[in-house]
Amino acid sequence: METRPHPTHVRRGFAELLADRRGQLDAPHFAEQVAAIVAAMVLALRDGKKIYWCGNGGSAADAQHLAAEFSGRFLRERGGLPSEALTVNTSALTAIANDFGYEQVFARQVEAFVQAGDVVVGISTSGSSPNVLRALEAAARLGATTVAFSGNGGGPAADQADLVLLGPRGYSALVQEVHITLGHIICDLVEQDLLLA
């Protein structure tokens with residue numbers, strides 16, 4: 001008797017995988033969301049403030065990647081911009097997780113570093129990562145502008161943040177692909193605003 005593979009194990013070809021991505025960047029809300037995030041970041045940077053990023057897993061890698069585009073450079077020769085990912089200090093992450101719980105690994109660092117007028121970006125494909133939510137809460141208490149990069153309807157992070165970049169519904173990889181593409185667009189527009197103003 002022939003057994004059929006479970007639907008989640010069916011092999012898909014290149015065209016089907018590509019079809020998952022088609023149209024993901026066509027959503028009409030992206031331009032307005034990106035413009036608002038760029039304006040907040042430019043305002044903070046012009047005022048001598050900083051941009052902080054956090055996320056888990058692939059979103060942690062995106063946080064580090066985008067922070068580096070600011071502190072290093074993206075496309076233009078310029079001075080470094082103060083931007084840091086809260087995922088890079090393994091001693092802090094492990095100590096805070098051990099002493100306070102994993103839900104506090106970013107919030108505790110926000111309390112230590114963030115000042116009023118800074119921007120804190122929490123990246124979560126579901127919008128419901130507890131440690132990202134705690135970081136956004138702590139940042140709001142300190143008077144920072146909070147930004148959520150989310151997906152799948154936004155989750156609690158979208159309700160909590162001042163500004164939202166709302167990616168598509170779907171599995172995490174699709175949301176992350178939109179986040180990093182629009183993140184690069186944000187980097188480009190921030191550079192342009194700072195250098196061409």
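Colleague: Why is Cys187 called buried?

Modeller: Its relative accessible area is 2%. Buried means under 20%, exposed over 50%, and partly exposed in between, with a 1.4 Å probe and protein chains only. So Cys187 is buried. This is a predicted model: local features need pLDDT of at least 70, side-chain atom pairs count only at pLDDT 80 or more, and totals for chains, interfaces and linings use all residues. Residues are numbered from 1 along each chain as its sequence is written, and side-chain values use heavy atoms, without hydrogens and water.

Colleague: What makes Cys54 buried?

Modeller: Its relative accessibility is 0%, so Cys54 counts as buried.

Colleague: Which residues does Phe70 contact beyond its sequence neighbours?

Modeller: Leaving aside neighbours within four places, Phe70 touches Cys187, Met41 and Trp53, among others. Contact means heavy atoms within 4.5 Å.

Colleague: How many aromatic pairs are there?

Modeller: The search of the whole structure finds two. Rings of Phe, Tyr and Trp (its six-membered ring) pair with centres within 6.5 Å; planes under 30 degrees apart are stacked, over 60 edge-to-face, the rest tilted.

Colleague: Why is Trp53 with Phe70 called tilted?

Modeller: The centres are 6.0 Å apart and the planes stand at 35°, so the pair is tilted. Trp53 lies in strand β1 (residues 51–55) and Phe70 in helix α3 (residues 58–71), 17 residues apart. Helices (H or I, at least four residues) and strands (E, at least two) are DSSP runs, numbered from the N terminus. Trp53 has 1% relative accessible area, and Phe70 has 2%, so Phe70 is buried.

Colleague: What makes Trp53 with Phe149 edge-to-face?

Modeller: The centres are again 6.0 Å apart, but the planes stand at 90°, so edge-to-face applies. Phe149 sits in strand β4 (residues 145–150), 96 residues from Trp53. Trp53, Phe70 and Phe149 form one aromatic cluster.

Colleague: Which residues touch the most other members of the largest nonpolar core?

Modeller: Met41, Trp53, Phe70, Val121 and Phe149, out of 29 residues. Such a core joins buried Ala, Val, Leu, Ile, Met, Phe, Trp, Tyr and Cys residues through side-chain atoms within 4.5 Å. Helix α2 gives the most, with eight residues. A second, separate core has 23 residues, including Ala92 and Phe106.
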